[in-house]
Amino acid sequence: MTQALENLLQEERKFEPTAEFTAQANGRPGVHEEAANDYQAFWKKQALERITWFTEPQEVLDDSNPPFFKWFKDGELNLSYNCLDRHLEDHGDQVAYHWVGEPGDTRTLTYTELAAEVNKFANGLKSLGLKKGDRVAIYMGMIPELPIAMLACARLGVIHSVVFGGFSSEALASRILDGEAHVVITQDGAWRGGSVVPLKANTDIALQKTPGVEHAIVVRRTDHGVDMEEGRDIWWHDLVDGQSDQCEPEVLNAEDPLYILYTSGTTGRPKGIVHTQGGYLTQVMTTHSYVFDLKPDEDIYWCAADIGWVTGHSYIVYGPLANRTTGVMYEGAPNYPDFDRLWQIIEDYNVTIFYTAPTAIRAFMKWGDEHVEKHDLASLRVIGTVGEPINPEAWIWYHEKIGRGSSPIVDTWWQTETGAIMITPLPGVVATKPGSATIPFPGISADVVNEEGESVPLGGGGFLVINQPWPAMARTIYGDDERYVDTYWSRFDGRYFPGDGCKRDDEGYFWLLGRVDDIMLVAGHNISTTEVESALVSHPSVAEAAVVGRKDELTGQAIAAFVTLRGDVQGDEDLLAELRDHVANTLGPIAKPKSLVFTNDLPKTRSGKIMRRLLQDISEDRQLGDVTTLANADIVAEIADKAKEGSPE
Ligand code: ATP
Ligand code: MG
């Protein structure tokens with residue numbers, strides 16, 4: 001470790017958790033041990049202390065039919081009640097969301113105002129005949145009506161299926177069909193990068209293929225003209241007009257479904273993950289509070305993800321609102337109208353907690369430090385990341401430039417399927433290391449195992465597994481119990497297999513290595529794509545890198561690298577040789593990429609994750625696999641051309 005890095009970490013360890021934080025955590029760091037002694041007691045305590053139940057659960061975990069576990073199954077509650085009603089008497093005037101529109105308009109919603117909007121819309125949904133158990137697809141941008149729609153569904157026990165607004169009509173149609181939705185909620189158009197994404201027009205195309213949909217509800221957000229189909233389409237403002245702002249919350253069982261959400265599709269056909277009520281709320285509230293050291297009376301919290309992904313469900317909507325957080329929500333692109341938009345917002349609202357993804361951090365680095373340096377980010381005190389392994393270089397940049405050397409970074413590992421954060425540092429409690437998500441959250445037990453399912457001693461790598469059920473776990477894949485069992489519960493008996501590779505260091509810290517399918521076997525050595533990518537990114541000219549193993553007659557697999565350069569650095573033969581040597585010097589000669597191609601961008605999912613499987617298809621000259629979740633289709637053709645031209649081997 002370099003001296004500079006040592007100093008940084010010393011700085012970070014000075015972070016002092018607040019008294020409230022320490023009290024909440026029952027005198028941590030003991031909280032990890034306490035939870036490990038009796039994880040069910042730990043989760044029960046969280047569930048009873050944090051949630052307002054209509055009927056308090058007596059039973060914690062029903063494990064009589066694995067892997068179909070049930071949590072708090074005799075409890076009754078309502079999530080919209082927990083997110084809204086119970087805050088109103090004492091904190092109704094507290095801001096729930098400071099919303100910032102891309103064109104510069106803003107809106108502030110207090111808890112009282114948010115509750116009124118939710119109730120009116122819930123009454124509107126009722127007037128269309130929607131009831132408990134029905135499914136509604138929500139295809140929207142980041143406007144307040146999106147969480148309002150979700151909470152209105154939750155109030156009625158209607159199951160929402162949010163489809164990211166950046167998806168095509170094709171992707172929307174397949175998710176509507178798979179989830180058997182009766183109603184779609186959308187908007188005329190969504191602002192993105194200065195133009196309007198025509199969500200209603202996309203919906204119209206999708207609805208030609210989805211005969212089960214009876215109504216589309218449309219929010220007017222832009223002046224973008226839309227066709228409204230008589231009898232089917234209804235304006236949101238007409239639906240809520242005259243509705244009461246009171247709506248009794250449905251009394252729901254802890255195990256009633258709350259939502260369906262499709263995974264990002266990084267590794268193939270997306271899976272419709274089903275989450276339920278009581279366990280989910282328990283874990284999202286607990287993690288949101290502990291991981292971000294949340295102080296509801298003081299913090300301004302901003303999770304800059306899109307609500308279309310699980311991060312937004314758990315950490316923009318349900319966790320923060322149930323914890324009575326004041327949040328920021330931003331509608332548009334991070335580089336509109338300029339590259340400093342996010343830093344401007346942090347400064348304007350004095351944001352104290354900020355949560356984003358490695359893909360965004362790498363983009364900020366690429367855009368240049370000057371955009372950050374224009375702004376005063378002194379209000380920030382905890383910063384987080386999720387979505388992919390974070391390259392140590394990006395971690396250090398985030399720590400220095402955004403965290404100004406003093407805000408702890410929480411690198412949180414979890415998945416759509418886990419519902420909530422699983423492996424993460426707790427600020428001020430668990431010392432961090434750049435690139436490691438550190439240790440499992442209290443009450444979570446994880447291990448790293450070999451092919452046979454045997455625990456790998458510290459210092460070694462293998463498959464990440466979760467040893468025991470956790471409250472926010474997925475209950476199934478919608479309509480496909482068999483795929484649920486096959487995908488997650490078949491590889492290692494009795495344990496959950498997330499599909500990720502992982503290494504543990506001598507101190508027991510977890511280092512996520514990406515998908516196990518991405519791990520390369522070169523001349524008999526297992527090499528992780530993540531490690532080679534991080535070695536490339538640690539070179540000052542490199543902004544981003546993707547690495548895949550392609551078939552090789554001699555070595556089984558050979559390493560093929562795809563590299564995007566920083567700022568206006570130009571790639572030439574010399575740099576190419578330098579980068580290959582740089583990897584060899586960092587990780588050893590076995591990890592030296594056999595080929596390396598410079599590209600302007602990398603193929604990514606719409607959530608911004610690198611899709612290595614497409615690069616592998618290109619490298620091995622195969623027909624491309626499922627591309628429906630790809631964000632930047634043009635780049636694939638461009639890379640394919642470059643790869644064909646070949647690079648020196
Ligand atoms: P699909 O399952 O459809 O292929 P996906 O796995 O990308 O898509 P998500 O549920 O959004 O869909 O992503 C979860 C995955 O993201 C994890 O399994 C892991 O590979 C990666 N990930 C998330 N957070 C981290 C993190 N902090 N460090 C390393 N990897 C992470
Ligand atoms: Mg996945």
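Predicted model: local features only at pLDDT ≥ 70, side-chain atom pairs only at ≥ 80, totals over all residues.
**Entry 1: around the ligand**

Next I sorted the shell by residue kind.

**Entry 2: polar atoms at the ligand**

I then looked up distances between polar atoms of the protein and atoms of ligand 1. I took D411 to begin with. One of its polar side-chain atoms lies 2.8 Å from a nitrogen atom of ligand 1. Then I turned to D500. Here a polar side-chain atom lies 2.8 Å from an oxygen atom of the ligand. For E388 I had to look at the backbone. A backbone N or O atom of E388 is 3.3 Å from a nitrogen atom of ligand 1. I also asked how much of the ligand the protein covers. On its own, ligand 1 has 640 Å² of accessible area, and the protein covers 96% of that.

**Entry 3: strand β15**

My next stop was β15, which spans residues 272-276. Are its residues buried or exposed? I found 5 of its 5 residues buried, so I wrote the strand down as mostly covered. I checked each face in turn. G272, V274 and T276 sit on one side, and they are buried. I273 and H275 sit on the other, and they are buried too.

**Entry 4: the neighbours of β15**

Which strands are joined to β15 by bridges? I found β14, residues 257-262, joined to β15 by 5 bridges. These two strands run antiparallel. I picked out one pair: Y259 has H275 in β15 as its bridge partner. I also found β23, residues 476-477, with 2 bridges to β15. That pairing is antiparallel as well. Here I noted that I273 has I477 in β23 as its bridge partner. I had already listed H275 and I273 together on one side of β15.

**Entry 5: residue Q58**

Last, I looked up Q58. Where does Q58 lie? I placed it in the loop between α4 (39-50) and β1 (61-62). Why does Q58 count as exposed? Its relative accessibility is 58%, and the cut-off for exposed is over 50%, so Q58 passes. I then checked its contacts, leaving out residues up to four places away in sequence. Q58 touches K44 and D74. I followed up on D74. Q58 and D74 are 16 residues apart in sequence. In space, their C-alpha atoms are 6.6 Å apart.

Technical notes:
Residues numbered from 1 in each chain as written. Chains lettered and ligands numbered in written order. Heavy atoms only, no water. Polar contact = N/O pair within 3.5 Å; in protein donor to acceptor, adjacent residues only side chain to side chain. Areas by Shrake-Rupley, 256 points an atom, 1.4 Å probe, with all protein chains shown as cover. Helix = DSSP H or I, 4+ residues; strand = E, 2+ residues; numbered from the N terminus. Buried < 20%, exposed > 50% of the residue type's maximum accessible area, 1.4 Å probe, protein only. Contact = heavy atoms within 4.5 Å. Pairing = 2+ DSSP bridges.
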